Protein chains: 2
Amino acid sequence: MGNVGQTDLHDLNEPIINHSEGQLFLSEAFKIIVEEVLCKGTDVNEKVCQWKEPEELAALLDLELRETGEPQHQLLQRIKDVAKYSIKTSHPRFFNQQFGGVDYHSLAGRFLSETLNTNLFTYEVAPVFILMESEVLRGLRLLVGWTHGDGLFCPGGSTSNMYAMNLARYQLFPEVKSQGLWGLPRLAIFTSPESHYSVKKGAAFLGIGTDNVILVKVDDGGRMIPEDLDEKIKQAKSQGAVPFLVSCTSGTTVQGAFDPLDHIADVCEKHKLWMHVDAAWGGSVLFSKQHRHLMKGVDRANSVAWNPHKMLVAGLQCSVLLLRDTTNLLKQCHSANATYLFQQDKFYDVNLDVGDKSVQCSRKVDCLKLWLMWKAVGSSGLAERVDKAFVNVRYLTEKMKKREGFQILREPEFVNLCFWYIPPMNCLDHTPVIKERMMKQGSMMVGYQPLGNKVNFFRVVVFSPLLSTKDLDFFLNEIERLGNDM
Amino acid sequence: MGNVGQTDLHDLNEPIINHSEGQLFLSEAFKIIVEEVLCKGTDVNEKVCQWKEPEELAALLDLELRETGEPQHQLLQRIKDVAKYSIKTSHPRFFNQQFGGVDYHSLAGRFLSETLNTNLFTYEVAPVFILMESEVLRGLRLLVGWTHGDGLFCPGGSTSNMYAMNLARYQLFPEVKSQGLWGLPRLAIFTSPESHYSVKKGAAFLGIGTDNVILVKVDDGGRMIPEDLDEKIKQAKSQGAVPFLVSCTSGTTVQGAFDPLDHIADVCEKHKLWMHVDAAWGGSVLFSKQHRHLMKGVDRANSVAWNPHKMLVAGLQCSVLLLRDTTNLLKQCHSANATYLFQQDKFYDVNLDVGDKSVQCSRKVDCLKLWLMWKAVGSSGLAERVDKAFVNVRYLTEKMKKREGFQILREPEFVNLCFWYIPPMNCLDHTPVIKERMMKQGSMMVGYQPLGNKVNFFRVVVFSPLLSTKDLDFFLNEIERLGNDM
C-alpha cells in the first residue's frame, strides 16, 4: 500500500483535485460516449454486442485495480473499451429485455442528476427534487385515478413490491414494526404463477416465507382467475392463515398479461385485503387513451408499482410506488425519527423531509430524468410511444403468422410477443442454439424461456421509440437466417 | 388526454426520436451542466444554496406536467433552473453531509453508465460490468483482509445492512426462506445506540421488529463496550431469545466512532453470532496505512457494508456489501431461479449471472464509477484522500480550541467534528438559529443534531478532496459571523 510517492506530490493543505484538468477529461469522455454509445451504438450497421468469452474479455479489459494511477489518455481508452464490449441496449435491434432504447431528454436529466449528486431525504439538501418528486408522483397518481395519495421513487420494482407488502402488513398489524412477526398469525399473500419472482423474493426477505405466497390459477392468457382467488383465500383462512395482500400483475414478465383488476378488486373488497398492482412493466399503458382499459379498476387498488425505466425509456433506475393512502401510512410504517436528519426544530415545514418514509437512508434522485422527458414530449408524447409499441407488435404478429416456421404462443395482449421458430430441418429445442448464434454474431438480441409445460420460446418485446418497421422486418429475417441451416 | 395532434405528426412506422436533434440537445445540456454545476457550483465566490421557501421555489420551477411538450430552448432553461436552485454539494463549503465533493473520473464513469443503461443481472446483458463488479468487490475485500468471499453492490448502506441481517438469519435457520419467521424462536440483534438507524429500520422491514434490536452501551467516545455486549447477549438468551447478529459500526454517523472490532469478534466467536460491520461511513480508512488500525479485527467479521459514495467521493449511489462467505450463501438465500433470466441451458457459465444473488431484479451499474476513479488515482491516491481528511479535521480541531466561543464535544476519532458555538451574547440553543441564517444566506452548509442529553451541536464532516485550509478558516470565521450578533 506504500503511497509515499503520491502523497509527497501534494500539499495536503491544498485541494487534491484540479477542476480544469477534470473538466477537460470529462469533455473528452463526453465525446467518446456520444460517438461510441450514442452514434455507433444505435447504428444498425454496427453490432448489438461484441461477444467475448469471459476469460478473453477480462484479459482485454485489464480490470485489476492497482496501487498507482494511470495517465488520462489511458483512462480515455478504457472508456472506449468499456463502451466497445458493452451491450448496446439503445440499438434498435436490442429486443432482449424490458428496458432499452434511449431518450435524450431523460439522458440529459440523468447527467444533471449525477452531477448535482444529492440525496432525496430532506428539503434542506434537495429542495428542487423534493418538490419535483412530489409533482411527478402526483402526475402518475392522476393517471391511476387518484387525486390524492402518497408514494416514493424506489431503486426498482422489487423494492416497490416489498414496500407494498410491508405497508399492507403494518396497516393490519401495526405492532409488527416493534414486535416482529412472532405475535402475529401466519400471513398469506396471493398472486399468480406468472407474476414476477420478486413477490416470492420479497416474502422471503420480509420474513413471511415463500410457502405463504399462494398461487392463484391463471386463464389461457396468463391472467389471474378471480374466482380461484376467492377460493384460495377461503381455503387459506380455513387453514388458519390470515390473508392480507393480493399482488396483481399488469403486464406479466413473459406473456405480458394483465390481470382483471376490476374483478380482483371485488374479491379484495369482499375479504378486506390490500390490493397491490405490480405494473412495473404494464403501467405505462395508463398514458394511452386507447389501451388504458387494460388496467380498468386500478383506481380501486391500494398500491401500484410502476417502472418508467421500462416502457417509457426513462433509463435505469426509475421505479415508483404509488399509494392511495392519505393517512401518512408510509411514514408511520418506516420512520425512525433520526435526529441527525429529521430534526423537528427546523425553520421550514419538516413534512417536506420525505426521507423517513423510506427504508433507505441515502436515496438517489430518480425523478428528474422522468420529469424532464415528460416536460419535453408531454403526456401526449408518452402516450404516442405506448400506442406506437402496440402498432409495432401488431405488425410483427401479422408478419409472423404469414411466415413458415414461426409459431406464436398466442395473440399478444401487450407488447410481448412469444413465439417458436421451427427451422425447416427441425431439431429439438433449437431456441438456445439460435440464441447462441445470435449473440456470437452480435446482430441482434432477444430473450427466451420455457413456461409451464411449454419448451423454450423466444419473447420479443417491442417498445422502443427508436424502432421502425424496417427493424421488425430485419428481426424476422434474422431469426430465419440464424435458424435455417440447422 | 387528447394526443391526436401529436400522433398525427409522426408516422408510427418510423422512429419517434431523432438522434441528431437529441445529441445536439445533450451537448447543449452538457455545456450548461459544466458551467452551472461544475464551474459556478464549486466556486467559493458563489453560494452553496439559493434558499427559497417551498411555495416560492415551486412557482419558480413550474413543475407541473402537461399534455403537450415544450421547445428545446425552454427545456435548456429548465436545466439551468434546476441547477440554480439545487444545493451545490460539490462546493468546498458544503460540509452538511457525509457525501459531497466531485471526482471527475467517477463522474465520467457515471455518464458512461447512464448512457450504456444496462442491468447487472446476467453476463449476457452486462458482460463488462459483471466482470468489473467482481473485480471491484475483490479489491475491496482484499482491503478488508479476505482473499476469497462474495459480495454485491446495493442501492445504499441501509440495503447492505438488511442483506447482512437476512443472510445471518438464513444461515442459522434456512427454513425461514420458505416458512417465514413463525416456526422460529424470537431472534435478537445487537448494536449500539449510536449505530445508524437503518439497523432498526431493517429489523422492522425483515419482520424481526425494533424491540428485538438490543442496544449495547457505549463508552465516552461512542464506541460499543464488548463486556456489555457479552452481558446483553446472555440476558437475551436467558429471556428466551436467540441472538444471531451483532451489527458493529465503523464510523458512527454523528460522532464518527469506531467500535472495537477485535474485541467484539471475540464475543461473537464465543456466542457463535454473525458479526456485521456497518462501515458505510468509515470503511474508507482501510485504504490508509496510517488509519486502518481503526478497523483492526474487521477481517474476523462475516460481512461489511461500505459506501464509497461517502468518503471516497464516488457519487451516489455506490454502496457494497462484502462477505467472507465462500459457500454461495448469498445466492442460496436470495435465489428464485426465474427461468426467463437465469436459464440453465445457456451457452456460457451461468455462475456469471449474479442477478439471483440479489433481492432486486433490475440492478443499476454502480461499479464503473468507482473502478474508473480507482484506475485513475490508484489505491495510493485514494489513501491520500483519506489521509488528507484526517489532516484537515486535525487542523480544524486545533483552530477551534484556540477560538473563543467554540467548544468541541470531544477529540474527533475520525473526520466528524462535533462542536457548539456559543456566541458572546449567549442565548439558549442558538444552533438552529445559526443554521437558519446560514441557509438563508447560502454561504455554507453544515448539519446539527442533539445526542443523548446533549443539546443541539454542529457536526462538520471534513473529507472532500477539494478542500483547502482556506475553506476551513472560512468555516470558522463564518460560524462566528453568523452567531456573533445574537
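Analyst: UniProt positions are given here in the numbering used for this structure, with feature names shortened, and such annotations may be inferred rather than shown by experiment. With that caution, the unreviewed UniProt entry places the feature "modified residue: N6-(pyridoxal phosphate)lysine" at Lys310(A). The model is predicted, so that local features need pLDDT of at least 70 and side-chain atom pairs count only at pLDDT 80 or more, while totals for chains, interfaces and linings use all residues. Residues are numbered from 1 along each chain as its sequence is written, chains are lettered from A and ligands numbered from 1 in the order in which they are written, and side-chain values use heavy atoms, with hydrogens and water left out.

Lys310(A) sits in the loop between strand E7 (303-306) and strand E8 (319-323) of chain A, where strands are DSSP runs of at least two residues and helices (H or I) runs of at least four, numbered from the N terminus. Its relative accessible area of 12% makes Lys310(A) buried, a class that means under 20%, as against exposed at over 50% and partly exposed in between (1.4 Å probe, protein chains only). Apart from neighbours within four places in sequence, Lys310(A) is in contact (heavy atoms within 4.5 Å) with Gln98(A), Ala280(A), Trp281(A) and Phe463(A), and also with Ser362(B) of the other chain.

Of the area that chain B buries against chain A, Trp182(B), Phe205(B) and Phe347(B) supply 6%, more than any other three residues.

Charged pairs also cross this interface: the rule for a salt bridge (a side-chain nitrogen of Lys or Arg within 4 Å of a carboxyl oxygen of Asp or Glu) finds 10 between chain B and chain A. One of them joins the side chains of Glu124(B) and Lys435(A), at 2.5 Å from N to O.

How values were computed:
Buried area is the accessible area (1.4 Å probe) that two parts lose on being put together, summed over both.
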